[in-house]
Amino acid sequence: MTARRQVVLFLHLMKATAKQRFHFVRRKVNLDMLARLGMMPGDAKDRGMALTPRDYVRGSDQDRNYPQRDVWVVGLRATDALPLPGDRTTRQQGGAAMSTTFCPACMKDADVRIEGRRETLPVRGEDIEVEARVAVCSTCGEDIWLDELEGETLARAFAEYRRRRRLLQPDEMARIRRRWGLGQRAFALLLGWGEVTLHRYESGSLQDAAHDAQLRMAERPENIRTLLEAHGERLTPRQRAAVERRLGEAAALAAKCEGGDEDFERLLARRAEGGFGGHAPLSLAKVRETIAYFAARPGMFVTKLAKLMFYADFLHYREHATSITGLAYAHAPQGPIPERYERLRDDASESAVVEVEERCGDDWSSEVLVARRPANLCVFSETELTVLRAVEKPLGAKTSRRLSEMSHSEAAWTTTSMGERIPYAAATSLSLMPLGSSPA
Ligand SMILES: [Zn+2]
């Protein structure tokens with residue numbers, strides 16, 4: 001009989017160690033197990049870190065393969081997110097073994113070589129053959145579990161499984177969610193799912209067919225309307241407002257017969273009339289390349305990008321009496337943002353300029369834009385390039401928060417109120433140094 005105290009102690013030690021290293025020994029057995037469950041390695045580890053003494057099943061026993069080590073068996077309980085395959089119980093046993101050594105067989109750091117191999121994975125019980133890259137210990141010849149490689153193999157097998165079953169791929173799920181302006185957690189709540197369910201799916205874990213069908217339904221505005229009535233109270237007022245705004249836009253677009261870029265460009269241009277676009281013709285091409293240019297810097301949060309765009313357009317206006325992109329900006333809580341900013345971000349993502357990645361902590365989630373290609377600088381004039389560089393270097397290095405604070409001291413923000421458009425005339429008092437001068 002193992003005392004509860006020992007179980008608690010084991011879990012403490014396991015989690016402390018797992019922060020450094022977390023190895024799956026017996027590579028193929030565990031790969032098959034994850035394939036059967038439709039789970040990515042990161043997902044399995046998150047669940048491992050969330051284990052509690054209530055999940056204890058058995059142990060400690062002596063390991064048959066490595067007699068000097070102990071084996072603990074803990075179970076993951078089934079959740080709505082992942083119906084377990086099989087038959088009899090709601091508990092799935094899975095041994096997670098820990099090692100502080102790199103090659104679990106040698107019990108020490110060892111050189112590895114990477115082998116290409118064809119492997120068959122039992123994805124949800126259906127055999128799928130994929131190319132796999134496998135790390136092999138040069139000392140003992142055993143296969144070694146490497147998260148990146150196994151994740152890559154699983155992702156390939158899951159993608160093929162989704163193709164065969166006509167299920168949505170992770171990027172398609174993300175596109176549907178972004179259409180409604182919500183983060184992963186909020187959208188999952190709106191759908192009536194567990195908070196982390198969508199995060200798992202978008203990170204590559206395999207969705208079940210019922211969830212897939214629900215997501216497809218969530219593409220249609222009338223269904224989102226129904227969900228909002230049913231689960232709207234789970235969202236914050238701001239999130240609800242974001243969805244409402246998107247619903248309004250969808251209705252407006254539908255009324256005008258949906259068009260492509262041209263319609264969107266015209267829509268933006270109309271909004272920028274009356275000098276609010278900085279006396280430059282609205283150019284969607286310049287908007288995209290500006291985004292590509294700034295998103296080449298790592299960790300480009302959406303809020304930070306908005307500020308950089310503001311500074312670039314307003315600085316060019318101050319120096320040359322026209323903006324770069326022709327965009328209109330509005331007063332938002334964290335600083336000035338381009339009007340129709342969410343649509344602009346979606347457009348940049350849909351036209352393969354950037355990848356939108358979700359970052360989340362315990363009580364926040366935000367999006368980071370990652371450039372998928374270098375900016376095409378040909379669309380800019382000499383003066384525009386000079387201004388983009390003058391903004392990217394010093395301001396791009398600041399954190400989102402610092403940049404937000406800085407923008408809060410600009411007349412563009414202090415002389416306007418929430419939601420109000422910012423006149424380009426405010427550029428004259430911009431806190432940036434005149435171009436050509438450099439700080440002492
Ligand atoms: Zn070895």
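Me: Which residue in E9 does tyrosine 329 stand opposite?

Reply: Tyrosine 329 stands opposite proline 338 in E9. This is a predicted model, in which local features need pLDDT of at least 70, side-chain atom pairs count only at pLDDT 80 or more, and totals for chains, interfaces and linings use all residues. Residues are numbered from 1 along each chain as its sequence is written.

Me: Why is arginine 179 called partly exposed?

Reply: A residue is buried if 20 or more other C-beta atoms, placed from the backbone, lie within 10 Å of its own, exposed if 12 or fewer, and partly exposed in between. Arginine 179, which lies in helix H5 (residues 170–179), has 19 C-beta neighbours inside 10 Å and therefore counts as partly exposed.

Me: Why is arginine 166 called exposed?

Reply: Arginine 166, in the loop between helix H4 (147–165) and H5, is exposed because 8 other C-beta atoms lie within 10 Å. Arginine 166 also has a positive phi of about 55 degrees although it is not a glycine.

Me: Why does alanine 352 count as exposed?

Reply: Alanine 352 is found in the loop between helix H14 (341–350) and strand E10 (354–360), and it counts as exposed because it has 11 C-beta neighbours inside 10 Å.

Note on methods. Helices (H or I, at least four residues) and strands (E, at least two) are DSSP runs, numbered from the N terminus. Two strands pair if DSSP finds at least two bridges between them.
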